[in-house]
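Here's a quick briefing to read with the model open beside you.

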Amino acid sequence: MTRTVRTATEADVPAIVAVINEATPAIPVDDAEVRTWLTSPEEIDFAVVADERGDLLAYADLSFHDAGSGRAWVDLYVPPRPEADETIAAVLDWAEATARGRGLGLLRVDSSPGSRVGTVLVARGYRPARHFFRMRIDLAAPPPEPDWPDGITVDSPARGEERAVFDAVEDAFADHWEWVPARFEDWAHHLVESEAFDASLWLVARDGEEIAGVCICRYAPGQPELGWVRELGVRRPWRRRGLGTALLLGAFGLFWERGAKAVGLGVDGENTTGAVGLYERAGMRVFHRFDIYEKELT
């Protein structure tokens with residue numbers, strides 16, 4: 001089989017969606033989500049692997065948001081088909097060559113446990129670096145009411161307040177693993193300009209004029225009955241007061257009122273702020289795991 005790695009275009013969107021949903025059926029995407037990716041202002045190379053007939057075998061994006069630290073990141077989707085190992089190798093050859101060409105010394109790739117991607121990565125000298133979870137809770141009954149800390153008020157952001165929310169998110173996540181400052185225009189592209197944007201699903205917790213924490217929600221791509229917590233963060237001065245739990249329960253309540261059957265989110269499995277335990281105490285359980293592998297490029 002002949003494999004060609006080429007730049008992905010918007011004309012590829014339906015085929016990319018099919019490839020991703022075959023590769024990771026537990027976390028489907030839809031056309032709108034993939035179009036948002038491909039039109040991102042971020043510094044990302046988008047690629048597909050096609051066979052001799054032009055049919056897509058894989059999708060990958062190579063991000064340089066962390067290039068200042070000498071690192072590049074790959075999201076790789078290869079369905080479990082015959083000869084998948086060769087397809088994975090073709091993508092990795094492209095990603096490694098591209099990263100080396102930019103003078104970067106470390107490449108990181110994500111893979112679900114047990115997938116062929118992980119097997120190929122290990123064989124090529126990659127080593128596990130971190131693991132992340134997707135968690136969810138089924139909404140079989142009305143969730144508990146949030147217990148907001150004293151002095152905290154909660155509302156949705158006003159139009160034009162997006163920058164202040166972004167600044168609060170950046171502050172809340174500044175002590176997370178391998179944090180790199182984001183650009184507002186990149187963040188807004190995915191969260192404000194997206195077709196899924198709905199400000200009434202955003203919770204902003206305030207202490208007077210200060211934003212203490214935020215919970216940014218939407219519906220999961222391709223899953224209209226699954227609410228999704230896109231970002232939940234509490235700034236350091238307001239931690240350990242139950243605000244994170246209250247924001248999460250507030251999100252559950254919003255989705256319950258709108259008829260969602262479940263709520264999910266993603267989290268760093270080795271998060272140092274206790275996020276995994278907080279989510280478990282709120283009734284959420286892991287339904288998917290993926291691992292980050294890394295390799296020094298020589």
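**Salt bridges and their surroundings**

Asp 66, Arg 71, Arg 108, Arg 127, Glu 178, Glu 294 and Glu 296 are joined up in a network of salt bridges, a salt bridge being a side-chain nitrogen of Lys or Arg within 4 Å of a carboxyl oxygen of Asp or Glu. By this rule the count comes to 33 salt bridges. Keep in mind that this is a predicted model, where local features need pLDDT of at least 70 and side-chain atom pairs count only at pLDDT 80 or more, while totals for chains, interfaces and linings use all residues. Residues are numbered from 1 along each chain as its sequence is written, and side-chain values use heavy atoms, with hydrogens and water left out.

- Arg 218 pairs up with Glu 33 in a salt bridge, with the closest N and O atoms 3.1 Å apart.
- Arg 218 sits in strand S9 (residues 210-220) and Glu 33 in helix H2 (residues 31-38), so this pair ties together parts 185 residues apart in sequence. Helices (H or I, at least four residues) and strands (E, at least two) are DSSP runs, numbered from the N terminus.
- Arg 218 counts as buried at 10% relative accessibility, and Glu 33 is buried too, at 13%. Here buried means under 20% relative accessible area, exposed over 50%, and partly exposed in between (1.4 Å probe, protein chains only).
- Arg 206 makes a salt bridge with Asp 155 (2.9 Å, N to O). That pair links distant parts of the chain, with Arg 206 in strand S8 (residues 202-207) and Asp 155 in strand S7 (residues 152-155), 51 residues apart.
- Arg 206 also meets Glu 161 in a salt bridge, at 2.6 Å from N to O. Glu 161 is in the loop between S7 and helix H5 (162-172) and Arg 206 is in S8, so the pair ties together parts that are 45 residues apart in sequence.
- Glu 161 is buried, as is Arg 206.

**Cysteines**

- How many disulfides does the structure hold? The count is zero, taking a disulfide as a pair of cysteine sulfur atoms within 2.5 Å.
- Cys 215 is in no disulfide, and its nearest cysteine sulfur, in Cys 217, is 3.7 Å away. That's too far for a bond.
- Both cysteines are tucked away by the accessibility rule: Cys 215 is buried at 0%, and Cys 217 is buried at 2%.

**Around Asn 271**

- Asn 271 belongs to the loop between strand S11 (262-268) and helix H8 (275-281), and is buried at 15% relative accessible area.
- A polar atom of the Asn 271 side chain lies 3.4 Å from the backbone nitrogen of Ala 275.
- Leaving aside residues up to four places away in sequence, Asn 271 touches Arg 130 and His 176, where contact means heavy atoms within 4.5 Å.

**Helix H3**

- H3 (residues 84-101) has 18 residues, which at 1.5 Å a residue should span 26 Å; the end C-alpha atoms are 26 Å apart, so the two agree. The expected span is 1.5 Å times one less than the number of residues.
- The buried residues of H3 include Ile 88, Val 91, Leu 92, Trp 94 and Glu 96.

- Glu 178 has a positive phi of about 55° although it isn't a glycine. Glu 178 lies in the loop between H5 and helix H6 (184-191) and is partly exposed at 26% relative accessibility.
- Arg 240, also not a glycine, has a positive phi near 65°. Arg 240 is in the loop between strand S10 (223-234) and helix H7 (243-257) and counts as exposed at 73%.

**Strand pairing around S6**

- Strand S6 (residues 127-138) pairs with strand S12 (residues 285-296) in the antiparallel sense over nine bridges, where pairing requires that DSSP finds at least two bridges between two strands. Within S12, Ile 292 is the bridge partner of Arg 130.
- S6 also runs antiparallel to S11, joined by seven bridges. Arg 136 stands opposite Gly 264 in S11.

Conventions
Polar contact = N/O pair within 3.5 Å; in protein donor to acceptor, adjacent residues only side chain to side chain.
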